[in-house]
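Please find below a short note for a reader who is new to this structure.

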Amino acid sequence: MSTSDAGARRGAPAAVQALAAAHLGKEARVEPLAGDASTRAYFRARGAGGESAVVAAHEAAFDPDSFPFLETARLLEESGVRVPAVRAVDGPAGLILLEDLGDRTLQMEVEETGGAPDRVERLYAEAVEIIVRLQRDGTPRLHSGLHAGREALDGTRFRFEMGYFLDHMVEGLRQMRLAPAQRTTLEGGLGDLCDALAGEPRVLCHRDFHSRNLMVTEAGALAVVDHQDARRGPDTYDLASLLRDPYVVVPEERVDRLVARYLAAVAGGEDPAAFRRRFHRMAVQRTLKAAGTFAAQKVLHGRDRYLRYLPWVLELARRSLAACPELAPLQGLLAEAVPELAP
């Protein structure tokens with residue numbers, strides 16, 4: 001579970017302490033959890049008997065009947081996806097008491113075990129199965145009454161994210177002042193990519209499906225967190241997020257096996273080579289978007305810690321660009337601004 005830096009620095013608010021005491025006993029102790037870029041704050045509460053829970057503190061009050069996190073929690077549970085169980089809700093205080101899944105993420109599992117092949121392979125296979133479940137069982141449950149059913153990962157969103165990359169990675173972090181004609185040409189090439197992605201089959205997507213948002217439970221299975229932004233999007237979106245992960249190295253041979261596993265599970269009849277090109281096109285957008293986000297954390301907020309992931313995410317973008325011959329002109333344009341993306 002994650003929190004904002006501000007949330008980590010301040011102590012547990014009285015409302016958090018009160019919610020913990022109501023459900024874990026008056027002797028419950030509350031401590032903030034470590035931070036990242038989220039606008040939410042998370043706290044771990046422990047009762048006198050050793051039981052624990054996590055309190056998610058949001059910035060404002062919310063209506064429990066329509067709050068996106070609670071909607072998507074129900075949607076994912078109904079689709080057979082393991083998420084932290086909701087124990088209690090205090091909408092006026094902006095608080096949700098959640099099952100404590102611990103602190104071990106898939107990223108930690110990969111890093112701390114040295115990528116132990118059998119265990120990590122099993123966990124990644126399970127992650128692909130979760131994606132299949134989201135698409136197969138979650139997509140039919142989407143409707144306009146749900147936040148996830150009204151929002152979409154579409155061409156407009158993708159174009160915004162590519163503009164964010166140009167603003168904060170190219171012109172912000174790298175201090176490269178693009179000439180108006182050069183910026184227009186880059187926006188045109190990236191816009192064509194975004195439009196192509198927007199035309200792909202639409203399914204339920206988690207939206208941020210990577211190793212930091214997959215928890216390894218005590219039973220050794222995976223659970224999904226940070227799901228409040230789930231929405232409809234391209235069928236390659238979550239798979240590209242998982243296998244072109246900025247935070248861990250997924251070997252290319254494992255990528256190939258897992259893409260094949262996904263294709264076998266969805267049984268859509270699509271030519272595997274054509275799907276892999278679609279996968280790589282989506283991965284280009286996802287990795288460039290991540291590069292823009294990491295750069296913005298430094299440029300806008302002065303946070304350096306994401307910069308260590310930048311070389312890897314740019315290498316992933318380069319690999320996926322190179323896997324799509326039709327993107328060679330775009331790769332050339334990008335390389336003029338970011339040399340690491342050169343073929």
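1. Basis. The model is predicted: local features need pLDDT of at least 70 and side-chain atom pairs count only at pLDDT 80 or more, while totals for chains, interfaces and linings use all residues. Residues are numbered from 1 along each chain as its sequence is written, and side-chain values use heavy atoms, with hydrogens and water left out.

2. Overall form. The chain has 13 helices and eleven strands (DSSP runs, H or I of at least four residues for helices and E of at least two for strands, numbered from the N terminus). Its radius of gyration is 21 Å, close to the 20 Å that the globule rule gives for 343 residues, so the chain is as compact as a globular protein of that length. That radius is taken over C-alpha atoms, and the rule is 2.2 Å times the number of residues to the power 0.38.

3. Helix α11. This helix covers residues 272–301, 30 residues in total, and spans 42 Å from its first C-alpha to its last, close to the 44 Å expected at 1.5 Å a residue (1.5 Å times one less than its number of residues). Just after α11, Gly-302 has a positive phi of about 70 degrees.

4. Phe-294. This residue lies in helix α11 and is buried, at 4% relative accessibility (buried means under 20% relative accessible area, with a 1.4 Å probe and protein chains only). Beyond its neighbours within four places in sequence, Phe-294 has contacts (heavy atoms within 4.5 Å) that include Pro-246, Tyr-306 and Val-313. The C-alpha atoms of Phe-294 and Met-169 are 8.0 Å apart, although 125 residues separate them along the chain.

Methods: Buried means under 20% relative accessible area, exposed over 50%, partly exposed in between (1.4 Å probe, protein chains only).
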